[in-house]
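Thank you all for coming; I would like to walk you through one protein chain. Please have the sequence and the model open as I speak.

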Amino acid sequence: MRKPIIGLIPLVDEGRESFWMLPGYMEGISRAGGLGVMLPLTGKDEDIEVLLERFDGFLFTGGHDVEPAMYGQKKLPVCADTCPGRDEMEKKLLMSAMEAIKLAYCNCCWLFYMKFCRILNNLHATLQIPY
């Protein structure tokens, strides 16, 4: 049987201009019988499509705070560092993965986002409300 290939969203260190990954994520995927691969940071639709075609699932690793503008709010002083490029990629990839019925394991805020989207989709389907 072929090992599932799981794409991991990279962690971003803007000060060092680098992408990186915690070894525990890779080790966990390996122990579960998969192969973890750190993804490039991209929000391009055509790149997201390629990732969906080539990977069996995705791990959304968490990290920076989500940019409040993504949900229509202003950034308050209590908000920690954000990474809008990563937010864009994660949102597009998560929505596309859900549509393609790909595995998506989420940490932090994206877990709540995924649950919200599923609740919203179920609500629209139940009430037959177009969106």
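Residues are numbered from 1 along each chain as its sequence is written, and side-chain values use heavy atoms, with hydrogens and water left out.

On confidence, pLDDT is the predictor's confidence in each residue, from 0 to 100, and for the protein chain its mean is 75, with 69% of the residues reaching 70 or more. Confidence is highest in α2, at a mean of 94, and lowest in helix α4, residues 108-127, at 49. Over residues 122-127 the pLDDT stays under 50, and the model has four contacts beyond four places in sequence for them, where contact means heavy atoms within 4.5 Å. Where pLDDT is low, the predicted coordinates should not be read in detail.

Turning to the elements, the chain has four helices and six strands, taken as DSSP runs numbered from the N terminus, helices being H or I of at least four residues and strands E of at least two. From the N terminus on, their order is β-β-β-α-β-α-β-α-β-α.

Of the 131 residues in the chain, 34% are buried, where buried means under 20% relative accessible area with a 1.4 Å probe, protein chains only. A nonpolar core is a set of buried Ala, Val, Leu, Ile, Met, Phe, Trp, Tyr and Cys residues joined through side-chain atoms within 4.5 Å, and the largest one here has 13 residues, with Leu 39, Phe 58, Met 89 and Leu 93 making the most contacts inside it. At least two residues of this core come from each of α2 (45-54), β5 (57-60) and α3 (84-99), and the largest share, five residues, is that of α3.

Which residues does Leu 93 touch, leaving aside its neighbours within four places in sequence? They are Ile 9, Leu 39, Ile 48, Leu 52, Phe 58 and Phe 60. Apart from this core lies another, of six residues, including Ile 6, Tyr 25, Ile 29 and Leu 59.

Finally, in β5, Gly 57 and Leu 59 point one way and Phe 58 and Phe 60 the other, all of them buried. Strand β1, residues 5-8, runs parallel to β5 and is joined to it by three bridges, with Leu 59 as the bridge partner of Leu 8; strands count as paired if DSSP finds at least two bridges between them.

How values were computed. Predicted model: local features only at pLDDT ≥ 70, side-chain atom pairs only at ≥ 80, totals over all residues. Buried < 20%, exposed > 50% of the residue type's maximum accessible area, 1.4 Å probe, protein only.
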